[in-house]
Amino acid sequence: MSQASKAIKPRKNSAFKHLMSIHWWMFKCYIVLFVGGAFMARLPRDFFIRNPLYDFHKTVGVLTMALLTWRILTLLRVWWKKYTKRLPKYSREWMQKFALHTALYLFMWAVPISGFFFSNSFKGGNVRFLGITLPDLFPQNSELVDLGRSIHFWLAYTFGAFIILHAVDQRKVVRGFFKRITKRQKLDIKKP
């Protein structure tokens, strides 16, 4: 292998690979949040599993906030390594991708924060992570419960629409992801 090809080949522990690993973990968390949230919202108030489902939903929401913090720190490392060597080419395509990703990051932050607002308005001190009650970010105010519910609902579904735009924009990556899953499933079936 020539020296040039060694320099181009990414390392297995590169910051970009860490960023993509966090990306797919967050993707899995958001699938759980979207499916679980849509399911929970339709349950009757007195249904026995409703409260544990809401606690689980909030726990996964807090986990995504932690992953988002880790992701942003990793992204800053990637950008630092990439853009200290050379600035990006400010093409229309680059600007569109930058705008889409900026919107996605804003939604990744705004949707859980709106969930905190909704939960704290409804009943203060009810957001828990693995059984630990987290400090309230917003004061309890029963008059804002419906507003909090609406904001969380509309931000979540708008975020979902932006995720679909992102998947369309990155269709090559999405196809590769599903091919890897299918390949793993076929290998698992062949194992005795």
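1. Start with Phe118 and what it touches. Once neighbours within four places in sequence are set aside, Phe118 is in contact with Val145, Gly148 and Arg149. Keep in mind that this is a predicted model.

2. Where does Phe118 sit? Phe118 belongs to helix H4, which covers residues 92-122. Asp146 lies 28 residues from Phe118 in sequence, yet their C-alpha atoms are 8.0 Å apart in space.

3. Is Phe118 buried or exposed? Its relative accessibility is 16%, so Phe118 counts as buried, the cut-off for buried being under 20%.

4. Now for a helix pair. Helix H2 (residues 15-41) and helix H3 (residues 50-83) have axes that come within 9 Å and cross at roughly 155°. That angle is over 145 degrees, so H2 is roughly antiparallel to H3. The crossing of H2 past H3 is left-handed. As for the residues in this H2 contact with H3, 23 are nonpolar, seven are polar and four are charged.

5. Next, the core. The largest nonpolar core has 20 residues, and Met26, Tyr30, Tyr105, Met108 and Phe159 are the ones with the most contacts inside it. H2, H3, H4 and helix H5 (145-169) each give two or more residues to this core, with H2 providing the largest share, seven residues. As background, nonpolar side chains in soluble globular proteins tend to be buried together.

Notes:
Residues numbered from 1 in each chain as written. Predicted model: local features only at pLDDT ≥ 70, side-chain atom pairs only at ≥ 80, totals over all residues. Heavy atoms only, no water. Helix = DSSP H or I, 4+ residues; strand = E, 2+ residues; numbered from the N terminus. Buried < 20%, exposed > 50% of the residue type's maximum accessible area, 1.4 Å probe, protein only. Contact = heavy atoms within 4.5 Å. Axes fitted to C-alpha atoms, helices over the stretch in contact; angles between N-to-C directions. Parallel < 35°, antiparallel > 145°, perpendicular 65-115°, else oblique. Left-handed = near helix turned anticlockwise from the far one by under 90°. Nonpolar A, V, L, I, M, F, W, Y, C, P; charged D, E, K, R; others polar. Core = buried A, V, L, I, M, F, W, Y, C linked by side-chain atoms within 4.5 Å.
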